[in-house]
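Me: I would like to go through this model with you. Could you take my questions one at a time?

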Amino acid sequence: MNTKFISFVIILFVAVGSSYCQVDHDEKEKRKKYEVSKSEDEWKSILSPEEFDVLRNKGTEYAFTGEYYLFKEKGIYTCAGCGNELFDSKTKYNSGSGWPSFYRPIKGSAIDIEIDRSFGTVREEILCSRCGGHLGHVFNDGPKPTGLRYCVNSISLDFKKK
Ligand code: FE
């Protein structure tokens, strides 16, 4: 009886454990195939080392240093990796954070959001939906009408003047 119970518990643990592994595996399988997809060497050949570090290695530029932090021209911000249109200057505001900040993307499908558990925190990472390039993070301390702050590295952006 006791042995049967112990066996049951062991089987239960193995079953639950393997189902978690299956979920993890399925998540990886689901990982998006991006329309613009390049090898690391191909990205290195078209991006500057600083762009590569942010867009492909999820780096962060120093606050208050980026080209577009205080930039006020009217136009469209695009992905520095693939040219995808990401943000309209109409939604840009000065958050005081030191990085270009927007309260919404140009359209929902322009970006992907992924959970980022690096540095012992849980943040929502912003990725370009066309090439998977890392853009920044989104926080819920933004202004109206969305209450969101899309905090983006200048170096992951290009600008098209209107
Ligand atoms: Fe892109």
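**Pocket and metal site**

Reply: The second largest pocket holds about 170 Å³ of space. A pocket is an open set of points on a 1 Å grid over the protein atoms alone, where a 1.4 Å probe fits, with protein on both sides within 12 Å along at least five of seven lines. This is a predicted model: local features need pLDDT of at least 70, side-chain atom pairs count only at pLDDT 80 or more, and totals for chains, interfaces and linings use all residues. Residues are numbered from 1 along each chain as its sequence is written, and side-chain values use heavy atoms, without hydrogens and water.

Me: Which residues coordinate the iron ion?

Reply: Cys79, Cys82, Cys128 and Cys131 coordinate the iron ion through their SG atoms at 2.3 Å (donors are N, O and S atoms within 2.8 Å of the metal, or 3.2 Å for Na, K and Ca).

Me: And what is the geometry of the site of the iron ion?

Reply: Tetrahedral, with angles of 99 to 115° among the 4 donor atoms; the label requires all angles of four donors to lie between 85 and 135 degrees.

Me: Changing topic, how many aromatic pairs are there?

Reply: The structure holds 10 aromatic pairs, that is, rings of Phe, Tyr and Trp (its six-membered ring) with centres within 6.5 Å. For tyrosine 77 and phenylalanine 102, the ring centres are 5.2 Å apart and the planes are at 70°, so the pair is edge-to-face (planes over 60 degrees apart).

Me: Is tyrosine 77 buried or exposed?

Reply: Tyrosine 77 is buried, at 0% relative accessibility (buried means under 20% relative accessible area, exposed over 50%, with a 1.4 Å probe and protein chains only).

Methods. On a 1 Å grid over the protein atoms alone, a cavity is a set of points where a 1.4 Å probe fits but cannot get out, and a pocket is an open set with protein on both sides within 12 Å along at least five of seven lines; lining residues have an atom within 4 Å of a point. Grid points are joined across faces, edges and corners, and a volume is the space filled by probe spheres set on the points. Four donors count as tetrahedral if all angles lie between 85 and 135 degrees; four count as square planar and six as octahedral if opposite donors are over 155 degrees apart and all others between 65 and 115; anything else is irregular. Rings of Phe, Tyr and Trp (its six-membered ring) pair if their centres lie within 6.5 Å; planes under 30 degrees apart count as stacked, over 60 as edge-to-face and the rest as tilted.
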